[in-house]
Amino acid sequence: MKEFFKRYDEIRDIKQTLAKRDWFLGTSGNLSIKVNDAPLNFLVTTSGKDKTKHMYDDFLLLNEFDQSIWDETKKPSAESILHRLIYLHTNATCVLHVHTIANNLITKDFPAQKELSFSGIEIIKALGLWEEDEEITIPIIKNHAHIPTLAEEFLPHIKNDHGAVLIHNHGITVWGTSAFEAKKHLEAYEFLFQYALQGSLNNLLIKN
């Protein structure tokens, strides 16, 4: 029980921090944190709730079948299946998914562009890449409305204990071996997206 409350506090604090940045507009986004490995249990955001408000039932405890353990009257986030797949195939303990203007706009050239690469930007060190001119690449996948189909396309990109996937015109899903790592990586990716978009805008203004 002590571990449950520790994990709950961690994911609640992240939700509060990200909510202050307006990264949950329109009840969008979903967050989770692993509580137990065997059997798999994880806390995930309750579907349809205003994530700028902070209540005791903001999260549901799910099992390895995406079933709520304590409260079956509420539904977990529809994309809980993606979180479960990450936990089943990696040692990740936290998964964060947000919709921002930057992470939607950055996917505008999909499907012609199925991935994005960034290099030579200091923030990349937050992703664990410390060599000079390191490059980070993030895949972009189709935004399937049918969640099981989305999960099928998402699964091949779950390769490491930390990672990220962009969903076209939808958002980004980031995972890490701790809540701190997942949050740090999410912030780094969002910085990269905003940096690239602002650079494109500046170039356009200079040309005109």
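Contact here means heavy atoms within 4.5 Å. The structure shown in the following views is a predicted model.

**View 1. Overall fold of the chain.** Five helices and eight strands make up the secondary structure of the chain. The C-alpha trace spans about 60 × 35 × 30 Å along its principal axes. A compact globule of 208 residues would have a radius of gyration near 17 Å, and the value for the chain, 17 Å, therefore agrees. Of the contacts between residues at least 6 apart in sequence, 60% join residues at least 24 apart.

**View 2. The largest nonpolar core and helix α5.** This core comprises 40 residues, of which Ile-138, Ile-172, Tyr-189 and Phe-193 touch the most other members. Helix α5, spanning residues 179-207, gives the most to the core, with seven residues.

**View 3. Surroundings of Ile-138.** Leaving aside residues up to four places away in sequence, Ile-138 touches Glu-115, Leu-116, Phe-118, Ala-164, Val-165, Leu-166, Ile-172, Tyr-189 and Phe-193.

View 4. In soluble globular proteins, nonpolar side chains tend to be buried together.

**View 5. Surface and charges.** Of the 208 residues, 48% count as buried. The chain exposes about 11000 Å², and carbon and sulfur atoms supply 53% of this area. There are 22 positive and 28 negative side chains, and the centres of the two sets lie 5 Å apart.

Conventions
Residues are numbered from 1 along each chain as its sequence is written. This is a predicted model: local features need pLDDT of at least 70, side-chain atom pairs count only at pLDDT 80 or more; totals for chains, interfaces and linings use all residues. Side-chain values use heavy atoms; hydrogens and water are left out. Helices (H or I, at least four residues) and strands (E, at least two) are DSSP runs, numbered from the N terminus. The radius of gyration is taken over C-alpha atoms; the globule rule is 2.2 Å times the number of residues to the power 0.38. Buried means under 20% relative accessible area, exposed over 50%, partly exposed in between (1.4 Å probe, protein chains only). Accessible areas come from the Shrake-Rupley method with a 1.4 Å probe; for residues, only the protein chains shown count as cover. Lys and Arg count as positive and Asp and Glu as negative; His and the chain ends are not counted. The place of a charge is taken as NZ of Lys, CZ of Arg, CG of Asp or CD of Glu. A nonpolar core is a set of buried Ala, Val, Leu, Ile, Met, Phe, Trp, Tyr and Cys residues joined through side-chain atoms within 4.5 Å.
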